[in-house]
Amino acid sequence: MNDISKISRYLADNLIELRHKKNFSQSQLASLAEIPRSTLTNLESGSGNPSLQNLAKISTALQVGIEELLSRPRNECELVPAGQVPHERRANGRVKVFKLVPDKVKGLDVDRIEIEPGATMGGHPHLTGAKEYFTVLNGEITISVAGEKFIVKRGDVFAFPGDQSHSYRNTGSTQAAGISIIIPVAIT
């Protein structure tokens, strides 16, 4: 398969997948993109040769970049090797925060936090109405929320308003670790 054929196939596969994810029919997408349905049908079959203008219209209608339409389709599965999990050091290097969700989702965070003995890390207040769930994997971590302290031990789950001022402290003699999950909206 030559490069042009590959790109046509990528475009066809991506259009179908993105259209289905948005629950659009071909007619609905064609109408949103202001292109003839027959043009979209040809593109989805892999036989079309779109103009830049039509690609721009379709990418706008699907709310994706043109490069996402033309790139090799992404697998639904993604393995991030341990050494490549994004992380940052905080509290003068005494705390590591690993980002466990590789996709950007506004307000949603899932982090593994490793805290050295005696270290404290201030938390950042999250979106209004956010809820944080924290479970300790090993050790124990004292979490302060709006001036009140809670001791969270291995296996415990502590839920608190994520939009409040909070901090995490390892008061033990060994490294402590936990998982923090921030949900951006109130749960009912």
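Predicted model: local features only at pLDDT ≥ 70, side-chain atom pairs only at ≥ 80, totals over all residues.
**Entry 1: a phenylalanine to start from**

I began with F150, which comes out as partly exposed at 26% relative accessibility. My scale for this: buried is under 20% relative accessible area, exposed is over 50%, and partly exposed lies in between, with a 1.4 Å probe and protein chains only. Residues are numbered from 1 along each chain as its sequence is written, and side-chain values use heavy atoms, with hydrogens and water left out.

**Entry 2: the sheet around F150**

Next I looked up the strand that holds F150. I143 stands opposite F150 in β7. Strand β6 (residues 140-145) runs antiparallel to β7, and the two share 6 bridges. Two strands pair if DSSP finds at least two bridges between them.

Which strands make up the open sheet, and in what order? I get 4 strands, in the order β4-β9-β6-β7, with antiparallel pairing. β4 (120-122) and β7 (148-153) each have a single partner strand, so they stand at the edges and one side of each lacks a neighbour in the sheet.

**Entry 3: aromatic pairs**

Searching the whole structure gave me 3 aromatic pairs. The rule is ring centres of Phe, Tyr or Trp (its six-membered ring) within 6.5 Å; planes under 30 degrees apart are stacked, over 60 edge-to-face, and the rest tilted. One of the pairs is F134 with Y168, tilted, at 5.4 Å centre to centre and 35° between the planes. F134 sits in strand β5 (residues 131-138) and Y168 in strand β9 (residues 166-169), so this pair ties together parts 34 residues apart in sequence. F134 is buried at 0% relative accessibility, and Y168 is buried too, at 3%.

Then back to F150. Its ring and that of F158 have centres 4.6 Å apart and planes at 35°, so I log the pair as tilted. F158 is buried, with 13% relative accessible area. F150, F158 and F160 form one aromatic cluster.

**Entry 4: salt bridges**

How many salt bridges are there? I count 7, taking a side-chain nitrogen of Lys or Arg within 4 Å of a carboxyl oxygen of Asp or Glu.

E44 and R19 make one of them, at 2.6 Å from N to O. E44 belongs to helix α3 (residues 37-45) and R19 to helix α1 (residues 3-21), so the bridge ties together parts 25 residues apart in sequence. Buried or exposed, this E44? Buried, at 7% relative accessibility; R19 is buried as well, at 9%.

D109 and K99 form another, at 3.9 Å from N to O. D109 is in strand β3 (residues 109-115) and K99 in strand β2 (residues 95-99), so the parts tied together are 10 residues apart in sequence. D109 is partly exposed at 27%, and K99 is partly exposed at 32%. K99, D109 and D111 are linked in a salt-bridge network.

**Entry 5: R112**

I finished on R112, whose side chain meets that of E114 in a salt bridge at 3.3 Å, N to O. R112 is partly exposed at 26%, whereas E114 is buried at 17%. R112 also lies over the face of F98, 4.0 Å from the ring centre; my rule is NZ of Lys or CZ of Arg within 6 Å of the ring centre and within 35 degrees of the ring normal.
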